[in-house]
Amino acid sequence: MTTHTHVLGASADIRAALADPALVPGLPAGAPGPAGASVAWLRATVARFSSGETHRRRRALVEAELARVEPDALRRAVALGDGGGDVRVRVVRALAGALGLPEPDEVARDVVLVAEVYFGGEDPAADEAVGRLVAWLGVPRPLPQRGHPHVTVFCGGEPPHPERACGARPHTPDGPDSARPALGAAPGDGGPGHTPHPEEAANLIGLLVQACATSALVEAAAGGDKPLARVIRENTPLRGMRRVATRATRVAGREVAGGDVVVLDIAAAHRTHPVPLAFGAEPRVCPGREHALALAEGLLGRPSTPFARLHHRTAPLLLPNAWDHASAAALAAEGFPAVGTTSLGVAAAAGLPDGAAATAGETLALARRLGRGPFLLSVDAEGGFSDDPDEVARLARELHAAGAAGINLEDGRPDGTLTPADLHAAKITAVKAAVPGLFVNARTDTHWLGVRREETAARLALYEQAGADGVFAPGLTDPEGIAALVAGLLVPLNVLHTPDGPTLAELAALGVRRVSLGSLPYRTALAAAVSVATAVRDGRPTDHRLPAPSYAEVQALAPPGRRGVTGRR
């Protein structure tokens with residue numbers, strides 16, 4: 001049968017191909033090998049080379065397993081480890097340790113052997129390594145942290161780090177696998193000694209093999225300080241992917257016959273479209289992206305601030321927004337580790353319009369009052385109060401000197417239009433060059449203003465490539481739209497909480513890493529003030545469902561040494 005090869009290089013065409021169920025990853029050619037003791041068996045059993053329901057089942061397992069490992073913990077572990085030797089060994093050792101595997105050093109060395117021929121070729125030494133790795137999985141692992149189900153792991157991918165199609169599935173009391181013991185459990189009692197199911201063992205090894213590909217990103221980024229998002233676009237470690245048609249289909253306007261090969265030219269797509277494809281696209285997005293990037297940052301020795309680390313935990317950062325010292329101090333007293341400012345509250349308190357670049361002085365003054373408080377401070381600086389990147393950088397230096405840990409920069413303008421994306425990206429680059437330790441949360445107002453919404457993903461991709469540490473899309477509340485944005489981003493996504501939108505738990509499940517309350521607390525406080533005044537005026541009872549703090553409690557919010565005499569009202 002004659003087959004043809006089709007090459008796709010446009011971003012939209014590649015996305016269509018990845019979403020086409022008729023196009024599946026091809027299994028590398030090679031002779032079959034014994035179960036549990038060969039690379040050939042491994043390839044045939046991992047998620048990377050599977051499709052359909054089999055792929056979804058395997059992927060779900062690793063997603064749950066990776067959820068147990070906070071990316072920042074991986075970054076710290078690999079940064080503190082031995083700085084010499086093969087980068088792949090260092091990466092796998094850190095991940096194996098985080099997953100609770102025994103003897104991470106030996107595991108890492110065997111995984112690297114397997115990685116050499118995982119995508120093609122044969123090596124008896126690699127086959128032996130697979131056998132040793134399978135044997136290692138019979139050794140008990142530590143139980144997960146409280147609140148997480150016990151899960152076992154598996155995964156698959158494509159060199160040098162494309163989709164890493166991984167998955168994880170918790171063991172539950174019902175379902176076809178309910179009787180299967182957890183990894184390391186003894187037959188009959190769930191204790192140590194049980195050999196894991198072959199599929200579980202294969203996919204855990206596959207996950208570790210995929211981690212080796214992080215070394216390609218480290219090599220591409222070494223010796224410079226470019227944001228990893230920019231490195232991935234300009235010098236992507238993944239040049240292409242390969243798919244095989246299981247049946248006739250039509251993609252990108254082309255008729256593809258069963259058996260045809262479709263080559264996806266990722267490097268070409270990156271030259272013409274800013275949204276990266278190196279970690280795949282729906283429905284095969286790498287769930288380990290955040291972990292891979294954290295490992296790369298750790299290996300490159302790039303610093304991470306306490307505020308940045310709040311964005312890389314299992315749960316998203318809930319950021320309440322204050323407008324004066326009392327509101328910020330009251331929020332901090334309730335245990336919020338970080339507090340933002342609300343530009344509306346700052347502007348309204350001064351009798352000025354929000355979003356009109358009219359409150360630079362007030363914003364800086366508030367930062368100086370709050371910046372030394374017992375919390376991390378993020379400042380809403382509108383669009384930087386200037387279209388001159390150097391002036392925005394000067395403001396950023398002043399805010400950082402005042403104690404700010406982060407800054408919000410928006411591309412919306414007072415007239416309801418958007419700042420050109422390249423200009424906003426230049427502001428971000430200038431700020432990061434001036435104050436590398438300041439967390440830049442780059443905001444696009446496409447949804448907030450209801451204009452050019454189709455540009456949202458491209459704008460945020462440009463901003464992360466310019467150096468933004470996080471990106472913000474206020475006004476976006478549609479779960480599918482949020483999930484689509486998360487799938488294409490390499491930095492944490494921030495959304496604005498809305499009372500009728502997704503809950504905090506739902507946003508976490510969508511992959512959101514920061515949720516802001518914006519001006520909601522300020523507007524709620526205004527409503528409460530008006531409500532109590534009109535109730536007293538009209539002879540109605542005041543609302544006691546939200547009791548007001550006492551005079552002494554508010555006095556106590558003032559910094560030590562600045563508290564007034566008690567007894568006044």
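Predicted model: local features only at pLDDT ≥ 70, side-chain atom pairs only at ≥ 80, totals over all residues.
Residues are numbered from 1 along each chain as its sequence is written, and side-chain values use heavy atoms, with hydrogens and water left out. Local features need pLDDT of at least 70 and side-chain atom pairs count only at pLDDT 80 or more, whereas totals for chains, interfaces and linings use all residues.

Helices (H or I, at least four residues) and strands (E, at least two) are DSSP runs numbered from the N terminus. Helix α5 (residues 87-98) has twelve residues and spans 17 Å from its first C-alpha to its last, close to the 16 Å expected at 1.5 Å a residue, where the expected span is 1.5 Å times one less than the number of residues. At its N-terminal end, α5 is capped by aspartate 86, with a side-chain oxygen 2.8 Å from the backbone nitrogen of arginine 88. Just after α5, glycine 100 has a positive phi of about 80°.

Buried residues (under 20% relative accessible area, 1.4 Å probe, protein chains only) in α5 are Val89, Arg90, Val91, Val92, Ala94, Leu95 and Ala96. The buried residues of α5 pack against α4 (71-80), α6 (104-115), α8 (198-211), α9 (214-221) and α12 (289-300).

Nine strands form an open sheet with parallel pairing, in the order β11-β19-β18-β17-β16-β15-β14-β13-β12; paired strands share at least two DSSP bridges. Its edge strands, β11 (317-319) and β12 (321-322), each pair on one side only. Three bridges join β11 to β19 (residues 514-516), and leucine 317 stands opposite arginine 514.

Key:
Buried < 20%, exposed > 50% of the residue type's maximum accessible area, 1.4 Å probe, protein only. Contact = heavy atoms within 4.5 Å. Polar contact = N/O pair within 3.5 Å; in protein donor to acceptor, adjacent residues only side chain to side chain.
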